[in-house]
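Subject: Structure for you to look through

Dear colleague,

I am passing on a structure that I would like you to open alongside this message. Please keep it in view while you read the notes below it.

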Amino acid sequence: MTALIETRDLQRTFSVSVGMFKPRQTLHAVNGVDLSVQRKDVLGIVGESGCGKSTLARMLLGLTPPSRGSVLIDGQDISKIDRRDLARRVQPIFQDPYSSLNPRRTIASIVSFPLDVLGVGTRSERRKKAIEMLERVGLPARYADNTPGQLSGGQRQRVAIARALVINPEIVICDEPTSALDVSVQAQILNLLLDLRKEFNLTYVFISHNLAVVEHIATQVAVMYLGRVVEQTQTAELFKHPRHPYTQALLASVLTPEPGLGIPDMGLGLSFPDPLHPPTGCSFHPRCQQRRPECSVDHPHLLRDAHGEVACHLYTAKT
Ligand code: SF4
């Protein structure tokens, strides 16, 4: 079956200035990522900040072109899809609803904006559709003529969701959509996204640093570390039998009182390695308590088996 959204050997590098009189260096933000998401699935992508997940999100949206590899929708390379058609099919929900909403426009005009761009219906029809969508995401019509500054963080995120869904996309790329919100509001927004997924047959790619959030919403999970996927499997399997030492450490962080703080210091060290100078061999080896002599030399390739995919010498050694 053709995946609805798929990446093949996706790579993105950036040329980075490291100081005057020094040659620019190449940063591998995303480094050979293969993902495949079936229609109505929710792929959770987790990892610490700097692991490349937001760059990956921008490539899935067609906002950042890959340096190598491709993003396919229904088997078609998105670089060959007309921008408007792509926007009709793929919509984003970003982390900070305040900065992603124009503070000078009314809520109704923000939500109807994608309809304006696509030239759908008359002005009053577009406003009516926007208000219907606002009500569907839990914002009564009386908010239609407010501005974003008059709303709470959770209400603003509902506006961002309404704006993303008003043109009936197939795929929604959610980049940390709840991490700027209070914990109680996070749960409401996650449950809303789950309801909307069923109602509108949506497919989500859900990016988060927080495995607890991903467990709640995702059907499968990909764990990223320094631009690569190190483990990918069904959500229940990942939480029952995490295989990669990095996934195990992330899971342990879920058990801490403040999972939003990210990975705890479990003897691995808190410092994320410099992506400009990635370690040799397995990029996790400086923090890995299970490392072997070969780990600092040989890069572990992704092993695919009945449990999913994992890139670690602990497993490749068994084959
Ligand atoms: Fe740890 Fe080695 Fe596996 Fe990397 S390949 S995660 S260093 S055991």
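The notes below take the sheets one after the other and then turn to the ligand.

Please bear in mind that this is a predicted model, in which local features need pLDDT of at least 70 and side-chain atom pairs count only at pLDDT 80 or more, while totals for chains, interfaces and linings use all residues. Residues are numbered from 1 along each chain as its sequence is written, and side-chain values use heavy atoms, with hydrogens and water left out.

Helices (H or I, at least four residues) and strands (E, at least two) are DSSP runs, numbered from the N terminus, and two strands are said to pair if DSSP finds at least two bridges between them.

Strand β1 (residues 5–16) is joined to β2 (residues 25–37) by 10 bridges, and in β2 the bridge partner of Leu10 is Val33, while Val16 stands opposite Gln25. With β4 (residues 68–73), β1 pairs over five bridges, and there Arg8 stands opposite Ser70.

Another open sheet is formed by eight strands in the order β6-β7-β8-β3-β9-β10-β12-β11, and its pairing is mixed. Its edge strands, β6 (90–93) and β11 (303–305), each pair on one side only, and the twist averages 20° from one strand to the next. Helix α6 (residues 183–200) packs on this sheet, touching β3 (42–46), β6 and β8 (203–208), and its direction makes about 160° with that of β8. Two bridges join the antiparallel strands β10 (residues 228–234) and β12 (residues 308–310), and Gln232 has Glu309 as its bridge partner in β12.

Which residues come nearest to the ligand? Of the 13 residues around the ligand, they are Cys282, Cys288, Cys295, Cys312 and His313, where a residue counts as near if one of its heavy atoms lies within 4 Å.

Best wishes

Methods:
Axes fitted to C-alpha atoms, helices over the stretch in contact; angles between N-to-C directions. Contact = heavy atoms within 4.5 Å.
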